[in-house]
Amino acid sequence: MTTEVLTTSNTHGLSKDELLEIDYYLRLTRTLEERLVALFRQAKVIGGLFRSLGQEGESVAAAYALDYAQGDVVQPLIRNMGSILVAGAKPSDIIKQYMAKADSPTRGRELNIHFGHPERDGFIGQISQLGDMIPVMAGITLAGRMQQKNLVGLAFIGDGGSSTGAFYEGMNFATVQKLPLVVIIENNGYAYSTPTYKQTAAKTLADKAHAFGCASEIVDGNDVLAVYGATKRAVERARAGEGVTLIEVQTFRLKGHAEHDNQAYVPPEVIEEWKAKDPLPRYERVLMELGHATQEDFARIQERVKAEVDAATDEAERSPMPRPEEASMGLFAGDGYWEEKR
Amino acid sequence: MAETTYIDAIRLAMIEEMQRDERVFLIGEDVGVYGGAFKTSAGILDQFGPQRVIDTPISEVAIVGAASGAALMGMRPIAEMQFIDFITVAYDMLVNFTATSRYRVGSPCPLVVRGPAGGGTHGGPFHSLNPEAMFMNRPGLKIVAPGTAYDAKGLLKAAIRDDDPVIFIEHKFLYRRIKEDLPEDDYIVPIGKANIRRRGKDLSIITWGAMIYLADEAAEELAKDGVSVEIIDLRSILPFDEEAILESVAKTNRAMILHEAPLTGGAGAEFAARIAEKAFDYLDAPVKRVAALDVPTPYSPPLEAAALPDKTRVLAAARELLAY
């Protein structure tokens, strides 16, 4: 049975170029992740690999609503690679991170997309203790206000991550301080193997906003333009001094928690249902219906994406691994380790 | 020179650093309007305003997390834990995010987390903590524990100016009991440098915090028997002044480490191991540690006194070492 999936077509003032640029980032995210899987299977990417298949739409759309020229900062979790690509992260840096290379942005110290400095890059890597980044993002936006910058922060958290104490403390603090912070809860139905009904008795995750006293919204996370619009509204509210918004985006993880996980705990018909709601084809259909794009445009974008991912892969494969003697360096200021060119 | 209590030394350090550097701000529970639970920040809100003195909800994770985020952006936060015991609530944030920020991703996180520690005030199990050992084994943090008003002011200034995160352990017992003549002009006590509080040749007592005064008492007592005790006030737990420790042991050949935190896994274990490793040939006796009993700090005065180190135990340990 196929279900008609309603996709909004309000383009929220985006130009044709911008609409195509969003498509570029969607395809770049998906293609780059596919390349990482290929490298993982060749044992060139080591450690875990966490895809955002099916969730690229909300990562890209939300991050696209920020204004990086004003110092806005996005904080991804592992399934938000699309968001840092929008903020300007280089595919070669991401591949180097996964391949643990000496010239990765973290010089081999950190894995996957755990990298980035808020001021320098417009994005900040997370740590694995979920929820911790919410207070940190509150602090980043607090500093922005103290420094009289008009910056807005965008933080991602999962349905599971929103159960942690750090999440509650960060949201509460940010809201009572009226900080310019937008928080997106990606409700993809599962935290690893734990379905949302075991995670919380709250009717919706957006309902948690009532505990903090902040604004909230629920959006179809696989409707790119809807996510963009909701985030844009929240960003504008934040920049106008109206404080925090909690946006629940409803989406789904079309693959397991990581490459090793076959998602056996998800009923197969649920996966099929969500495949039909894939954000990429839906977005491209809307663009074509609105007359903003053709299949040729998408083909050209895909060609460009493939060329960039190929070039990024070549560059990363040529990089050396870190030297063992570096392991003790860069803990404190003074040894100049981080001031060295990568 | 001005007579200044230990707590006033801390307040003055904060005021002077906030005057000197507009990036410095204070964040914590009741630090603003109330002036702090112990009045450590009395008057600071009036002087600097609510943008730089932030009264928070009861949220140690958010206090340390927000301070860390602000530090990434170039600010210099002082995050107060109302009692240092509550730093345990923020342990994850501190050791996983703050401490590792530079090593993992090259992002300096220069914040200070400070708060009143220690027993002897009938605070009971949750208001008497000495936390240094909890953080010593999580690389990326500096830990200081001043015992004098002079060191409190100088080390807090050094901590605020340090480009890396520092845990500043102030001892609540000393707040108003210690008064010293402090220089009026700006000075720093460098992190990682011990102070030789008393010079001697028969026994080294390596200690810090409120225990330096217990060491003084014991040294005076032993002097009556003609024993000359050297007291090394470490002041910095991490980095610590290994050179000062080893030089002292090379001279006296007998070492005692005295700390208020419980014995097992306390910071003294690290210093004892270091002495055994690097000064073995100089030792005429085993390294001895005098510390609290391995129990939570009890409330009732006779129990608390029994749990914490006292002069009797310090003297007994000293005499054991001298007789070895």
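This is a predicted model: local features need pLDDT of at least 70, side-chain atom pairs count only at pLDDT 80 or more; totals for chains, interfaces and linings use all residues.

User: Good. What is the strand order in the open sheet of chain A?
Analyst: The five strands are arranged as β1-β2-β3-β7-β6 in chain A, and the pairing is parallel. The edges are formed by β1 (73-75) and β6 (215-220) of chain A, each of which pairs on one side only. From one strand to the next, the twist averages 20°.

User: How many bridges join β6(A) to β7 of chain A?
Analyst: There are six bridges between β6(A) and β7 (residues 245-250) of chain A, and these two strands run parallel. As an example of the pairing, A:A215 has A:T245 in β7(A) as its bridge partner.

User: And which strands does helix α10 of chain A touch?
Analyst: Helix α10 (residues 224-239) of chain A packs on the sheet and touches β3 (181-187), β6 and β7 of chain A. The direction of α10 makes about 175° with that of β7(A).

User: Changing topic: where is A:R342?
Analyst: A:R342 lies in the segment after α13 (295-318) of chain A.

User: Is that residue buried, exposed or in between?
Analyst: A:R342 counts as partly exposed because 14 other C-beta atoms lie within 10 Å, whereas a buried residue would need 20 or more and an exposed one 12 or fewer.

User: Which residues is A:R342 in contact with, neighbours within four places in sequence aside?
Analyst: Those contacts are with A:D103 and A:R107.

User: Now chain B. What does the domain assignment give?
Analyst: The assignment gives domain 1 (2-182) and domain 2 (195-323) of chain B. Their C-alpha centres lie 26 Å apart, and each domain of chain B gives 24 residues to the contact.

User: Which elements give two or more residues on the domain 1 side?
Analyst: On the side of domain 1 of chain B that touches domain 2, they are α6 (132-136), β6 (142-144), α7 (149-161) and β7 (166-171) of chain B. That side has twelve nonpolar, nine polar and three charged residues.

User: Last one: how many residues do chain B and chain A bring to their contact?
Analyst: Chain B brings 30 residues and chain A brings 34 residues. On the chain B side, α3 (60-72), α4 (91-98) and α5 (101-105) each supply at least two residues, with the largest share, nine residues, coming from α3(B). By class, the chain B side has 15 nonpolar, ten polar and five charged residues.

Note on methods. Residues are numbered from 1 along each chain as its sequence is written. Chains are lettered from A and ligands numbered from 1 in the order in which they are written. Helices (H or I, at least four residues) and strands (E, at least two) are DSSP runs, numbered from the N terminus. Two residues are in contact if their C-beta atoms, placed from the backbone, lie within 7 Å. Two strands pair if DSSP finds at least two bridges between them. Axes are lines fitted to C-alpha atoms, for helices over the stretch in contact, and angles run from 0 to 180 degrees between N-to-C directions. Domain bounds come from an automatic or database domain assignment. Ala, Val, Leu, Ile, Met, Phe, Trp, Tyr, Cys and Pro count as nonpolar, Asp, Glu, Lys and Arg as charged, and the others, Gly among them, as polar.
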